[in-house]
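Biologist: I am new to this structure and would like to learn how to read it. Could you take me through it feature by feature?

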Amino acid sequence: MSFNVFHALLIAVAAVYGALWFLRSDHGTSANTFLRYAVILAASVLVLAPFAWLVAATFKDPDVLNEYVFFPPLSEWSSDTLNFKNLRVLFEPRQTSAGTFTFWLFIFNSLFLACAQTGLQLFTSSMAGFALAKYSFRGSGLVLGFILGSMMIPPILLLAPVYMIIVNLGWIDSFLALIVPSAVSGYGIFLFRQAMLGVPKELLEAARVEGASEFRLYFSVALPLVRPMSGAFCLVAFLASWNNFIAPNVFLHSTHKLTLPVILQQYMGDYSSQYGVFLAGTLIAILPPVILFFLLQREFISGLTSGAVKG
Amino acid sequence: MNRRRVVSAWLFLSPFLLVSGVFFIYPFLWATILAFYQTSGALHSVFVGWSNFRFVLGDPEFFRALRNTTIFAFFSIFLQLPLSLGLALLLNTRKDRWKGFFRLILFSPHLVGPIFVGILFSVLFTARFGMINRFLHYISGHGLDLRWLADPSLVMPALILTSLWMYVGFNMIYFLAGLQNVSDDLMDAARVDGAGPWQRFIHVIVPAIKPVALFVVIMSTIGSFQLFELPYALLNATGGPDNAGLTIVMYLYQHAFESGDLGTGAAVGWILALIIFAISMAQIRISRGLESP
């Protein structure tokens with residue numbers, strides 16, 4: 001075992017901690033703060049390393065992929081070591097049963113399905129949540145109990161019978177098999193019900209007096225008031241749909257209809273000797289959720305914390 | 001409440017009721033019946049009584065899957081959650097400009113779907129060239145030739161390590177939210193009374209975060225028992241060498257959708273649902289028992 005930068009760093013951290021502790025003019029507060037940051041930084045580096053590695057693997061030439069752990073040193077940067085070869089192979093036109101397509105098709109399929117499912121879930125869940133929060137009618141308790149109970153059932157239990165229903169409906173290999181069953185979300189209804197409980201009754205009554213329809217009360221009065229929740233929910237729903245693997249893998253068959261998780265899992269076998277190609281695809285596949293997360297970050301965190309404050 | 005409003009309420013609920021009737025209640029009832037039928041594909045089935053359950057409960061492969069899944073759940077609760085709580089405690093200071101920044105970084109792996117994590121880590125775990133072995137070699141001088149995904153004794157450690165990367169930051173968010181309930185006054189009072197860090201943790205922090213902790217423990221248990229995509233991608237659609245990475249849901253998937261025996265799939269689904277239900281109930285019981293000793 002040879003002595004290297006890592007060991008030097010460990011010794012340096014220990015030395016600084018020891019010095020701060022030994023001086024302890026402030027009862028060890030600065031020593032503790034130093035150690036706290038050292039641990040958090042180390043954890044952050046461990047979390048970020050696979051991302052950095054993925055970016056490097058995407059842009060390294062396939063021939064030098066294993067030569068450097070991350071990027072080659074600056075002195076060796078050239079089009080022989082860093083280039084777009086992996087991406088070019090990934091986006092090469094592919095022959096499928098329905099014609100010739102490129103990787104863009106799978107990106108489009110994934111985007112389309114995720115947007116359709118998110119939009120529908122947002123609409124159906126906020127409506128149902130509004131009804132459960134702002135109307136008292138016989139059976140509302142039963143519906144709420146059913147929703148909470150349904151979250152206890154492992155979804156995999158229903159996959160076999162849902163598969164038979166999809167076969168009987170003739171929806172195998174159709175996007176309908178993915179969009180319709182996941183157009184509603186019990187979890188979403190529960191979240192929106194909790195958020196809509198905070199919509200003041202007086203506001204709704206005032207709108208009623210002015211002659212607004214019940215649908216307008218929901219759409220123009222209640223829905224805008226729970227916007228932070230809607231942002232958080234959209235992110236959760238989009239993530240779930242974008243990363244969904246089992247349902248598209250079971251219900252879709254034609255290559256030109258597949259989504260990113262399914263096609264990339266197949267590429268692991270197809271490109272087993274050039275893994276830069278499916279790694280480039282994986283990098284592209286994780287970009288949209290990351291972009292969406294940074295756009296909605298404020299709403300996401302306020303959505304989370306408001307839920308935590310209400311308990 | 002007038003009639004018009006009751007009608008509108010049901011109209012608001014109608015899309016949910018319609019879809020969950022067809023794709024939840026009906027399949028749920030059907031799953032119960034299906035577990036007693038032998039099927040080949042979606043269209044042919046014969047009543048076989050308890051024989052699906054007898055087959056599953058007599059199949060050593062099922063117990064292999066049950067054992068693997070239980071080991072995974074054990075490490076999720078007793079290794080991953082303590083790490084999440086530890087990071088949350090480190091990040092939870094009264095004023096820290098960097099808190100939001102680090103929270104974002106540590107949470108970020110959760111944005112990557114389990115299939116993509118599996119694909120990425122299947123390459124990171126490669127012998128000789130993989131980043132993980134190179135790192136181990138760099139810090140310890142050993143481990144360059146570990147064949148994580150080909151050696152049956154290393155498959156579960158590989159799965160657990162990968163899940164640490166995915167979920168430690170995610171569960172940390174819940175613990176951070178729970179730590180908001182810790183009263184600053186109570187912490188100060190305990191400090192004045194001479195309580196050390198460990199005593200403050202046991203007597204002030206633990207009682208305050210108990211509801212969140214119970215929620216996180218139950219959610220991780222439920223999630224662990226439904227583990228599927230991560231090992232499926234990591235082990236290239238198999239149970240791994242010697243089925244060392246076979247999980248219950250993978251076992252279900254292989255029988256129902258690779259062999260076309262949906263009845264056995266439904267039976268495994270019911271066994272899984274009962275296991276999850278029993279464990280969640282036990283966890284709630286235990287936490288109530290701890291509350292009033």
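**Reading the contacts and the pocket**

Modeller: The side chains of K85(A) and D61(A) join in a salt bridge, with N and O 3.0 Å apart, where a salt bridge is a side-chain nitrogen of Lys or Arg within 4 Å of a carboxyl oxygen of Asp or Glu. K85(A) belongs to helix α3 (residues 85-90) of chain A and D61(A) to the loop between α2 and α3 of chain A, so the pair ties together parts that are 24 residues apart in sequence. Helices (H or I, at least four residues) and strands (E, at least two) are DSSP runs, numbered from the N terminus. This is a predicted model, in which local features need pLDDT of at least 70 and side-chain atom pairs count only at pLDDT 80 or more, while totals for chains, interfaces and linings use all residues. Residues are numbered from 1 along each chain as its sequence is written, chains are lettered from A and ligands numbered from 1 in the order in which they are written, and side-chain values use heavy atoms, with hydrogens and water left out.

Biologist: How should I read the area buried between chain A and chain B?

Modeller: Buried area is the accessible area (1.4 Å probe) that two parts lose on being put together, summed over both. Between chain A and chain B this comes to about 8,100 Å², of which carbon and sulfur atoms give 81%. I156(A), L157(A) and M164(A) supply 8% of the area that chain A buries against chain B, more than any other three residues.

Biologist: Which residues are closest to the centre of the second largest pocket?

Modeller: Rolling a probe the size of a water molecule over the atoms shows where empty space is left. On a 1 Å grid over the protein atoms alone, a pocket is an open set of points where a 1.4 Å probe fits, with protein on both sides within 12 Å along at least five of seven lines, and lining residues have an atom within 4 Å of a point. The second largest pocket has a volume of about 1,500 Å³, a volume being the space filled by probe spheres set on the points, which are joined across faces, edges and corners. Of the 38 residues that line this pocket, A42(A), A43(A), V45(A), L46(A) and F135(B) are the closest to its centre. α2(A) gives the most to the lining, with 13 residues.
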